[in-house]
Amino acid sequence: MKSDRQTQSRNHADNAQPASNKPRYAMWLWLVCQLGLCILLVTQVINGLRPNNDFLALLPKDEQRPWVQQTIEAAAGSLEQRMVFVIKADSKAQALDAAQNWQQTLTGLEHVELITPEQSQRTYYQGLFPYRGQLLDADAKNWLEQQQADKLTTRVLTQLYNPFAGVTAGELEQDPWLLFRHYMQQGFADNQFELVDNLLYLSQTADNDNAEQQAHYTLIQAKLNVGAYSQAAQQTIDAINTHAEQLQSKHLQAGQSIDIWRQGVAFYVVEAASSAKSEVSIIGGGSLLGVILLILLVFKSVRPLLMCLTSISIGVISAAGITVLLFGEIHSFTLVIGASLIGVSVDYAFHYLSCRACSSHWHSVKAAAHLRPVLLLGLISSVLAYSALLWANFPGLNQVAVFSSAGLIASLITVLILYPQLSQASAKHKPIKLANGLLNLVQGYQQSKVAWAVITLMTLGSVVGISKLNFDDDIRLLQSAPQWLKQQEQQIAELTGVSQSQQWLVLNGESQAQLRQAEQTLAPKLNALKQQGIISDFSGVYQLLPGEAELKHNHQLIDKLYREQASALTAQIGLQPNAYAPYQALDWHALAELAPHTPYLWGELANGRAYSVITLSGVTDVAPLVKLTTLANKASLANRDSIRSGSALTLAYVSRADEISALLGDYRKFTLYMLAIAYGLVLLLLTMRYSFKDAICVLAAPLLAGIFALALPGLFSMPANLFNVVALLLIFGIGIDYSLFLRFHLNQAHATLAVLLAGITTLLSFGLMGLSSNHAIASFGLTIAGGILASWVLAPVFSQYLHTRHQAVQNRIGGNQ
């Protein structure tokens, strides 16, 4: 035994080789590069870099209509800071008490600004009261136009004799016919809530377990003074959610049941961030744990484990660093998809470690040189597959392509440069029995009828699945908002009557005054569409602030009212009313402070152009709306003077969800074209190095596996989408690795062992992605898992032809000798 140990020790000493200077220099240079990327990432994190959770940031921009894209971004910026809370209770007292407690809680939170009814009224009064001489409610306008001004005087007297009206002498002096009061009441007529103790309160009959019960609600509004996607906002929302649970628990302990409903973009952002963080942990952690267990079980040594962890870490650091360098940020979607990089990048390490473990005469530098051609060819194929995503104008896919390509390249460089320096001695534990057993099993499988039965079943499954395949690119199916949050938003929308619709008519013009006039011109046409059932309702800024022509007309009516009715009113109330101020155009810059207090979307773009949004509800037919915008734009273009002066008005129908869904469908077709091109390029590359038949056999396994993977949604009667098609690129890139390695290393046990280990980790990585709550990520992961499993099963079958052909060549050479 002692002699055996001494012999083994001498073998280790003989196999060890001194490292030459050039590989050492390359190793240190590579490590310095990684250190630089680490410093970059740490610096960016210190400076506030956090994963971007904005789902819209993943999506394509509207390049054909840049002003529409700018308007959407501006409107989204206004919406994302708004928050609405509704407290539901069993009694009025409980609802008001809980609302007061909740207001105090919000007031004490950083980055939250409470918007009270009193504050909103004051803002409205300060902004609009100076224009009271040109603002009329519908009744007043109708009476004045019908020469029935005496009805206004009667209405004022009725208000004066009402002890609950709260009319003051000061108000009468400035607005003797209380026109502004009635104008404001009309503006909020659709609001079911009443003002009680400076709180918006509503009592309503609600169904509770099939029994009618009176429910009591209070409405509280607030806004964030930071962006909804900032780290500060996410911390604030976490605090709000925690306080809401605490307040609900406190009332529950007192025998009271209250619910705090929440509505706002920031709540979706926090849920998305929490989900992404959890899924990165599950996918990344599960993959890493699988890799660790595999290495320890197969290689039974810490050194291979440390080497694998090194290449994985460098791959992830490089992927993140390069992505941040090129894009200036990194999206949480990229991190979730990129978490699977662990299971893919470790393939290169397995090829090297398997070769080392199964080698009887180990030389690390020569082994790396021996593996380099097939590993490089596999990397080129994978990067080609990912690069196809870069051709699409799709920020989310672009980031995934850069992240994954950079990570794979860095992992392979680490294997080829660092591994030879870290593993100059041969492996102490050699799983040769396992490798040989796997090789015998694969060879038996290649020659059995089972292999062709598998191919037959996969072919039949592919035909059936493809025939039943249905694509649904609806972007709404890809969002993963929790059901409770969607439900609360819907309940708040039903109570408040404020639509959350994303179907808009977007107007762009020289000024807000021009847009008000355009909105009033559109209103009768939209009312006609409403009567036809094409839309159920619409709302716009003009309903609060009319166009200039109507304002001037109102002022003329009010001026006539004062001249004809002032003396009569003085006789009735014993107070000499002040004359209304002369007409003055609305100051839209000053009125911008009103925007957060209104349900309307309007403002100014960075280029100084004004925008406004008419929100549409219940759209049943898009064609009439598109026709409406086309006719309006043609009329605007016909006005040459407006074009010369740059004051031309433009109008567009925007249904962001529908437009993005159509874009996803276009990119799905584009990705299929790019996949066909990638197959063609790799076929050409392989044909240049090997024969055409060899190239076909290498590509056959990933091609059939891709078709089978695409058929899987059809087999299970599930809709497919863009991400199922994107997965085909990776199946191609990863699956071809298996075929290439089996082609290069004919009947070599280490190749079979490496392909087995690589397949297990890849299946683990992408299989875990199938657990994602995000439909896009789950579709992506399950499709790849199915495709990789198929590649894993098919690659040995098609490599059999290569083996047979290689053996025939060897026999001919032997016979000649």
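At which residue does helix 27 bend, and by about how many degrees? In this predicted model, the bend lies at Ala-700 and amounts to about 35 degrees. A proline, Pro-702, follows within four residues of that position. Helix 27 comprises the 24 residues 692-715, which should span 34 Å at 1.5 Å a residue; the C-alpha atoms at its ends are 33 Å apart, in agreement with this expectation. Most of helix 27 is covered, with 17 of its 24 residues buried. The helix is followed by Ser-717, which has a positive phi, near 55 degrees.

The largest nonpolar core contains 116 residues, and the members with the most contacts inside it are Tyr-352, Leu-686, Phe-732, Phe-766 and Phe-780. Helix 28, which runs over residues 722-744, gives the most to this core, contributing 16 residues. Within the largest core, Leu-686 is one of the residues with the most contacts. When its neighbours within four places in sequence are left aside, Leu-686 is in contact with Leu-377, Ala-695, Val-698, Leu-699 and Leu-740.

A buried glycine was also examined. Gly-396 is located in helix 16, which covers residues 395-417. Its relative accessibility is 2%, and Gly-396 therefore counts as buried, the cut-off for this class being under 20%. Residues up to four places away in sequence not being counted, Gly-396 touches Leu-58 and Thr-334. Although Gly-396 and Thr-334 are 62 residues apart along the chain, their C-alpha atoms are separated by 7.2 Å.

The packing of one helix pair was described as well. Two packed helices are described by the angle between their axes and by the distance between those axes. For helix 6 (residues 138-145) and helix 7 (residues 150-160), the axes come within 8 Å and cross at roughly 140 degrees. Helix 6 is therefore oblique to helix 7, since only angles over 145 degrees count as roughly antiparallel. At this meeting, Asp-139, Ala-140, Trp-143 and Leu-144 of helix 6 are in contact with Lys-151, Leu-152 and Arg-155 of helix 7.

Terms used. Residues are numbered from 1 along each chain as its sequence is written. This is a predicted model: local features need pLDDT of at least 70, side-chain atom pairs count only at pLDDT 80 or more; totals for chains, interfaces and linings use all residues. Side-chain values use heavy atoms; hydrogens and water are left out. Helices (H or I, at least four residues) and strands (E, at least two) are DSSP runs, numbered from the N terminus. The expected span of a helix is 1.5 Å times one less than its number of residues. The bend at a residue is the angle between axes fitted to the seven residues ending there and the seven starting there. Buried means under 20% relative accessible area, exposed over 50%, partly exposed in between (1.4 Å probe, protein chains only). A nonpolar core is a set of buried Ala, Val, Leu, Ile, Met, Phe, Trp, Tyr and Cys residues joined through side-chain atoms within 4.5 Å. Contact means heavy atoms within 4.5 Å. Axes are lines fitted to C-alpha atoms, for helices over the stretch in contact, and angles run from 0 to 180 degrees between N-to-C directions. Angles under 35 degrees count as roughly parallel, over 145 as roughly antiparallel, 65 to 115 as roughly perpendicular and the rest as oblique.
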